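Let's take a friendly walk through a protein model. Have a look at the sequence and the 3D view before reading on.

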Amino acid sequence: MTEVAGTSGSVPAELRLAAEFGTPEAAQWERLVAGVLTKSGAIPEGFTGAPHSLLATTTYDGIEIQPLYTAENGVPPAGFPGLAPFVRGSRPEGQAGAGWDVRALHELRDPAEAHTAVLADLENGVTSIWLRVGADALPLDALGEVLSGVHLDFAPIVLDAGESYAAAAEALLAVLAERRVPVREVTGNLGADPIGLQARTGRAHELAPAAELAARTATSHPALRAIVVDALPFHGAGGSDAQELGASIAAGVAYLRALTEAGLSVEAAAGQLEFRYAATADQFLTIAKFRAARRLWARVTEVAGGSALGMRQHAVTSPAMLTRRDPWVNMLRATVACFGAGAGGADAVTVLPFDAAIGVPDAFARRIARNTQSILLEETKLAGVIDPAGGSWYVEQLTDALAHAAWREFTGIERAGGIERELASGALAGRLAATWQERAQRIATRADPITGVSEFPQLDEKPVRRVATPSPVDGGGLPRLRYAQAYEQLRDRSDAHGTRPRVFLATLGPLAAHTARAAFAGNLFQAGGIEPVNPGVSDDVVGAFRDSGTPIACLCGSDTLYAEQAAAVAQALREAGATDVLLAGKPGDYPGVTGFVHIGCDALAVLTSTLEKLGVA
């Protein structure tokens, strides 16, 4: 047996594991990619560009994501944690000491139920509480009861009271005073956000009262923040990451102006703000978003006050990405989103329970939400390293590109007169709507898949029932959208029909010839609540169609079989009573075929049309 060099005795001071190999070059990789794409037929006819460019994707902000990043791409300097531009974190110790703040949202209106839920969270890993109070939420006069037994000097309280933020602040301060909590130990946020209110309601709200509240509490409770810069309305209206960031920075600037006019210094004013961002299942964009946000805010505060300042960030797993159908998959989405927020350096993270889009989360859902964070903090040790994604060629490039795109959005808002004017004029809403239309089209074609809804749905899933959440009293503001809503509306129509609508899959040839396209078509139809009837390998496809009890058929086979049999089978199916014959594959000239389902087709349009033809209202 030959001894491997370096395996006996002491470990050599320098291990040259690749010394026997040549240095790979980008051109070699590009040739390998070209070979694979050529063999698979993925290179379009007449294409003259670099084959590997076909693997690139583009974000909603126009940022091109390459399939590979190397040192040659260059890495913009990110600095160090606690130092400008704060890309790697606002605090020098990051989250390496105690981890991020695990913040739970509570929307229960019954004080006794809310009290029980709050204590359960705080006793099992949650470190701060986010309370919805006021109209159609927890009564303000119940704050004392809900917070009974809570150590308010250790557990920060963040309020969300909408237009009642001033009264809610006074109610909380009264509870703190009654409990004799030392004012210097009071942390959390009073939740004033008049700009967020304008975004939600469409009505302008004066900034001065919020600024006066902040100026007052900055003196009386120096560690307590008063204002939230909530970017969730922009995200929830379908906006891109750069639009969310740009609008939030513009809102932050508006608050800086109001707070300095109220007598605070730029540093003290910035210390009154906490920025709230959505964390999505796009792990790398989430990481980049939180890193880019700190860089943007550092530049703003540098220009405003002469020294760059850090940003306090609260991450919330995206409400827009939550589904009502197959909601269990939301646990996986939330885990990835939480990972991205934690790796991106968020100071506080809220994981929305998996059933939050259905109604009021139950105790099990709240437990899973908090345990998701516990696993990432305690078992994966995610917070043990500061900015663990820092230095990645991809992450650094994405952070830089996103920061530039967001800065363009921010400066555009400022040139137009600021965030309040942009909201009042509808200009910002128009840009968000344009992004939503682009996103909705990608969702419709399943280019942006939604697992459990547009991909791999379960028609026989047992519905999850919850007590309905009160509808937000917004009206006139930015819409609250969810990515799955169009598919779920089709599923609701199908379920309400009484009998399950069906489409017959006319499988051609042996199993190997039709399985892939039959699975594709069956998956697509189920996304609209339509049951695919698959006869498998059948010697009498037309007879099987007659027995299926549906007037719509979809041919499933190989291109070769389509050329040989599609026209004849389609004619036979129509003679047997088929009103429509679809074909799973690329559009072509097949007599008797009335439509096509294929990769890239508008699945929502196909499903809507099919349901209408099946008599589903």
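## About the model

This is a predicted model, in which local features need pLDDT of at least 70, side-chain atom pairs count only at pLDDT 80 or more, and totals for chains, interfaces and linings use all residues. Residues are numbered from 1 along each chain as its sequence is written, and side-chain values use heavy atoms, leaving out hydrogens and water.

## The barrel

Follow the strands E3-E4-E5-E6-E7-E8-E9-E10: these 8 close into a barrel with parallel pairing. Strands are DSSP runs of E, at least two residues, and helices are runs of H or I, at least four, numbered from the N terminus; two strands pair if DSSP finds at least two bridges between them. Strand E4 (residues 128-132) and strand E5 (residues 157-160) are joined by 4 bridges. Ile-129 has Ile-157 in E5 as its bridge partner.

## Helix H15

How far apart are the end C-alpha atoms of helix H15? They are 26 Å apart, which agrees with the 26 Å that 18 residues should span at 1.5 Å a residue (the expected span is 1.5 Å times one less than the number of residues).

Among the buried residues of H15 are Leu-428, Leu-432, Trp-436 and Arg-439 (buried means under 20% relative accessible area, with a 1.4 Å probe and protein chains only). Just after H15, Arg-446 takes a positive phi of about 65 degrees.

## Charges over rings

The charged end of Arg-439 sits over the ring of Tyr-60, 4.3 Å from its centre. Arg-446 lies over the face of Phe-520, at 5.0 Å from the ring centre. Here, a charge counts as over a ring if NZ of Lys or CZ of Arg is within 6 Å of the ring centre and within 35 degrees of the ring normal.

Technical notes:
Buried means under 20% relative accessible area, exposed over 50%, partly exposed in between (1.4 Å probe, protein chains only).
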